[in-house]
Amino acid sequence: MKINVGIDLGTTYSAVATFSKQLGRVQVFKNNDEKECTPSVICREENGYTMIGEAAKIEQKSGNLNTVAFYKSKMGDKNFSAYIGGQDYTAEDLSAIFLTEFVKEIEEKNNIEIDGAVITVPAYFNEEQRKATIRAGERAGLKVLKIINEPTAAIIAYGLTSGKEKNVMVYDLGGGTFDITIAHVKNTEIEVLATNGNHQLGGMDWDEVLLNNIATQFSDEHGIDIADYPEEYKELQVKCEEAKKRLSAVAATTISIQCDGCSGKYEVTREYFDSNTSNLLESTKLLIHKCFDEITEARNGKRFDWKDIDEVVLVGGSTRMPQIKDMIVSEYGKPPITKDINVDTIVATGAAMQAELCVNSTLTLTVAAPAGGNAGGMSTPMTLTISNTGIKDITAHSLGMLALASNEKDYINSIIIPKNSPVSKTFSRQYTFGGEKMEVFIMQGETRDPHGCDILGKYVITGMPKGQKNQLSVNFLYNANGVVEANANLGNGTMLTAVREEVTESLDEIIARLEREKKEAEEAARRAQSIEIMLMIDSSGSMDGNRIYEAKKAAKSFAREFDLKYAKISILSFGDRSTFTCKNANSLFTIDAGIDAVTVGGVGYGTSNTPINNNYRNFSGKGTRILVVLTDGYWENQVSEEYAADNAKADGILIYGIGIGDADEAFLDRISSGKGKKVDLSQLTTAFKEVASSIATEVASGNSLR
Ligand code: AMP
């Protein structure tokens, strides 16, 4: 039968558990060594033979260089790679290898088939680390049901079984990561209030204090730097970890070392160990206080501290060090809860419950009756029903975007989703945007300076109506796995396309590019500000009827293609004479009136005038000058007009010739900057639209500026 499991993929140890409906409780699976916890160590030989767990740990202890441990804290780190078995592996590769072997061992040993899995991660893991964990699970052939935070898993397993209302602190110190999480538990509901952590802090840092001490003593005595001997160094690492564990039970122990024909035996005391690791302990305390401060802030200044904590739960193997309990007692005044808690399997237990809740909306636990019996005074076990909706987790990291500060100079991380916000809640940003493609760079981190944050990627948003300023909203959320999702819509609700892309540029390269683009846009806007269009409309006798009607319609729609904040339009009516019906207008009202004032025969029924020659010098500004000529026939003075057009073009004026009816296409070609357009009357509005779009391109590219 296929089952769903919870996997605690730990830095040093991993565990798998499942929820049994029949028993109403979680079962933790044993490995081939009959243990519930399996060392997260891999040994891969050059022939591909792979061992994990205790067998790999023995190899590591014997100095086999094809072993690797502690890779979890390097998850998502592009600069990390481990060379084992003749190949380089990323932390994601190693997690995939470990999970593949681990799942196989647990399946064979327990005669089960694992289908879906909830995998736990430190609450402080960032988005890339979570995504790398999902990929590693999938590469190991698992259906990853969900990624959940280790402390939340611990609270699910521990906090929900008592059914009381309380504030619980989970102090989770594993092999390579530290998380502190405070949650409010009410009946069967969990609301995480704050979380902080450091994914570069864990038991291995405590080991290192012993390692450095022994290496220094050995070097002082024999003049040998053990770090130069990789095999012996690996061996010493394991010995120091073992000595550290012994120091949790005894006041002093010894570590012996052999290297390059020399040997040494050194005593370490708990007193020495505690005093030389006090800075590490202190850094966990600072993060506890950070949680208190954040909850205080969320409660509008109402102080939250130790007095508001009802229970402290220790999770992770490193919390076995007596110094942790001593610190809690001295700060909190009470010891942490130890009864019924297995620090090594509580996370896998909670993950197994979550796995059940991923496929069924509720689970029913059979729990022991509270002390003094249940309601009826009986000590028979009671049941507790938990629902998925009752678990409200939060995000450990703020999500921001790269933005220009209000001083228009500095780039900042502008926070969209503040840390400690509920997951799956949407946060939106509104923009007024005139372009066709918008890039939003998203970052994770708390500092205003973007250099202190991780760039997660960018969303490229497209589909906005062209040639206008659009109101749009970009909506972000952290999904239940802690992975960012975004979409975008226009102010009227129309959805846009928002595609997540990887960012290959460095932050400084991005900023330099944005600066460049900003300058170019300012330059284009400056150019656009001085657009001047002179629209010459043929009003000779042949334009009578439909032609003038369509011409006016097309001219009006043409005027609407421009942002009149930046463009001025003049209308010239020509026949035997020529006259401006409006000049340098920047209101549609005036332009429409100017167009309406063009009347057939108003300036004569023939085409004896030379409108280009007479008027091209009448532009007022020095910016982009555009002349659009609409005609339906042959002009009497074509040759002199071609000559005038050449002069105008040489002066930097762009000319567009549009013809209908009997217009001379070759003449239009000769007077135009590009090719003339001769169109059917029904296509006149479209032809004008094309001219407007060509003008926009010319202006934006700067080609029209001479
Ligand atoms: P985890 O990642 O939660 O499996 O925690 C493993 C860490 O707990 C490793 O750094 C171990 O060295 C440490 N650990 C396990 N047992 C003890 C112990 N008795 N005393 C001190 N540290 C321990």
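Trainee: Into which domains is the protein chain divided?
Mentor: In this predicted model, the protein chain is divided into domain 1, which takes in 2-201 together with 280-391, domain 2 at 203-279, domain 3 at 399-504 and domain 4 at 526-703.

Trainee: What separates the centres of domain 1 and domain 2, and how many residues does each give to the contact?
Mentor: Taken over C-alpha atoms, the two centres are 29 Å apart, and the contact draws 26 residues from domain 1 and 22 residues from domain 2.

Trainee: How should I read the area buried between domain 1 and domain 2?
Mentor: Buried area is what two parts lose in accessible area on being put together, summed over both. Here the figure is about 2,000 Å², with carbon and sulfur atoms giving 57% of it. On the side of domain 1, the residues that lose the most area to domain 2 are K61, L280 and Q323, which together make up 31% of what that side buries.

Trainee: Which polar features cross the interface of domain 1 and domain 2, and how many salt bridges are found?
Mentor: A salt bridge is counted when the side-chain nitrogen and the carboxyl oxygen lie within 4 Å. The rule finds two salt bridges across this interface. E241 forms a salt bridge with K57, where the closest N and O atoms are 3.4 Å apart.

Trainee: Which elements supply the side of domain 1 that touches domain 2?
Mentor: At least two residues each come from α1 (53-61), β7 (67-68), α8 (278-298) and α9 (322-332), and α8 gives the most, with four residues. By class, that side of domain 1 has ten nonpolar, twelve polar and four charged residues.

Note on methods:
Residues numbered from 1 in each chain as written. Predicted model: local features only at pLDDT ≥ 70, side-chain atom pairs only at ≥ 80, totals over all residues. Heavy atoms only, no water. Domains from an automatic or database assignment. Contact = heavy atoms within 4.5 Å. Buried area = accessible area lost by both parts, 1.4 Å probe. Nonpolar A, V, L, I, M, F, W, Y, C, P; charged D, E, K, R; others polar.
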